[in-house]
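Let's take a friendly walk around a protein chain. Have the viewer ready and follow along.

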Amino acid sequence: MKRPSRAPFYFIIFSMICLGLGTAWLRHEYMEIPFIAGEERPVWLVEARVDFIAQGGEVTVSLGLPQYSPGFRRVMEQAASPGYGWAVIESETSRRGEWTKREARGAQTLYYKAQFVGGVDTEDEVIIEVPRAYSVEWDGPPATASSQILSQALATSSSSRSLTRELIKLLNDPTPDQNASLMLTAESDKALLLEKLLNQADIPARGVLGLYLEDARRYQSLTRMVEIFDRDQWVVFNPLTGAEGVPDNLLLWHRNDMALLDVIGGSRSRIGFSMIYQTVPALELARAHVKDNIFSIIGVHSLPIEEQSMFKLLFLLPLGALVVVFMRVIVGLKTSGTFMPILIAMAFLQTSLYLGLFSFITVVAFGLVLRTYLSRLNLLLISRIATLVVLVIFIISVLSLVGYQMGLNTGMTITFFPMIIIAWTIERMSILWEEEGPKEVLVQGGGSLLVAILAYSLMQLPSVGHLTFNFPELNLVFLALIMLMGQYTGYKFSELRRFRAMVDNEAAEKGADNR
């Protein structure tokens, strides 16, 4: 009879492994969950301090906040201003923080703090509508000078970007000509002057305020840059150097025509920025970056903390099952049942290994003694097991009291063992004792403890707990390996010693034939 093909089975195994590993990699890429437990990433902590004098009435303070900054992502923000209400007001074109208070008088200080991750790939800014250059009018001589300086720059340029660079060169020339000198006299702010000249040349341009990030700097101010609209995107230029693009250490803070800081009910307002470079756990950043996508839906981070703690243990069960299957199918170690070693290992995770071993051995030993007595009463199987369950509870109670008086947590250790499983294990070991003798009981009991210790050793590793909890799809890989070992029909490691004499005899016979 022709044996069925195993190709579909291996295809399923391969698909499960690819699905598990592929989903884990996509979760890592889209949600930025690290593969390594305890990994840290650098962030910038930026603090904006607003000082002003309140006039005794209602106060409203509005501060422009970062909305889109290439290369940076905001992961946390908060306002520290006792007695003030705080709200973030967002629109399609702006994002502002607003402090409010019914009555305030005297010197006031408000704080806004935010964490930014640098060096990230940010999405392009969403352009709602194509901007248009605004009208610029000069009075008197500057009108003629602006036209001549634009004509001079247009003659040596071929695009919006090259025109911007040529204008920056003319305005920053150490020995400017008469036209450039006249324009700098009419408008001393080079960034604002460049913005006006570009709009006059029918190139949409706007001012943008950026913050240069340097570690442990205080009382810093924003630097004015100029953005031009070219080929469906905004391009940043430094009006002093002509450099194009956003430097890695420049955080674009504020755009559009609204004032950076607007104070109603106060006077003499000023703003300063402080910053510090620090590291935070990468997993914390990933949780702050969670979005409503498929990876957050199939994860457990959105569940209540109590349920997350439960799943953190449940996701370790497939690894324990993998260890049990390997030790029984490949190594050939005998255990008392299939699930008992896993349950023992889970109990060890809740407490310590040594106390867990002591509790398990003590309960089983007492149970075997009691089971020996119960066998003389000729009880039915169900009644006998139920009696063992009740007696096991009494044993646990005694151990709890004794452990508490001795300052040990042995009672707490044993409560994590399922009562029925322990009772059934005692029953099974007692029957095994009667049929096979004490040696077989020691073999299977010792094998169960050995497998449980091996499973515990793996499951208690921080990296294993991190991967199984944050990447639950890896359990598909464990499942595929378990199914793959289920097809193994070769010799077990424990059988190699038994058949070693046969192998040696075959080798000796071959040697004799060669002679």
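Helix α17 is where you will find Met 483. This is a predicted model, and in it Met 483 has 30% relative accessibility, so it counts as partly exposed. Together with Phe 11, Ile 12 and Leu 479, Met 483 forms a nonpolar patch on the surface, with about 370 Å² of accessible area in total. Two elements each give two or more residues to this patch: α1 (7-31) and α17 (475-485).

Now look at the whole chain. It has 19 helices and 13 strands. Of its 515 residues, 42% count as buried. The accessible surface comes to about 29,000 Å², and 58% of that belongs to carbon and sulfur atoms. Among contacts between residues at least 6 apart in sequence, 77% join residues at least 24 apart.

Next, the aromatic rings. How many aromatic pairs does a search of the whole structure find? The search finds eleven. In the pair of Phe 311 and Phe 315, the ring centres are 5.6 Å apart and the planes meet at 40°, so the pair counts as tilted. Phe 311 is partly exposed because its relative accessibility is 24%, whereas Phe 315, at 13%, counts as buried. Elsewhere, ring pairs link Trp 86, Trp 99, Tyr 112, Phe 116, Trp 253 and Phe 273 into a cluster.

Some rings also have a charged residue over them:

| Charged residue | Ring | Distance to ring centre |
|---|---|---|
| Arg 206 | Trp 234 | 3.9 Å |
| Lys 312 | Phe 469 | 6.0 Å |

In the second, Lys 312 lies over the face of Phe 469.

Definitions and conventions: Residues are numbered from 1 along each chain as its sequence is written. This is a predicted model: local features need pLDDT of at least 70, side-chain atom pairs count only at pLDDT 80 or more; totals for chains, interfaces and linings use all residues. Side-chain values use heavy atoms; hydrogens and water are left out. Patches are made of residues with over 30% relative accessible area and no salt bridge: like charges are joined within 9 Å, nonpolar side chains (Val, Leu, Ile, Met, Phe, Trp, Tyr) within 5 Å. Accessible areas come from the Shrake-Rupley method with a 1.4 Å probe; for residues, only the protein chains shown count as cover. A salt bridge is a side-chain nitrogen of Lys or Arg within 4 Å of a carboxyl oxygen of Asp or Glu. Helices (H or I, at least four residues) and strands (E, at least two) are DSSP runs, numbered from the N terminus. Buried means under 20% relative accessible area, exposed over 50%, partly exposed in between (1.4 Å probe, protein chains only). Contact means heavy atoms within 4.5 Å. Rings of Phe, Tyr and Trp (its six-membered ring) pair if their centres lie within 6.5 Å; planes under 30 degrees apart count as stacked, over 60 as edge-to-face and the rest as tilted. A charge sits over a ring if NZ of Lys or CZ of Arg is within 6 Å of the ring centre and within 35 degrees of the ring normal.
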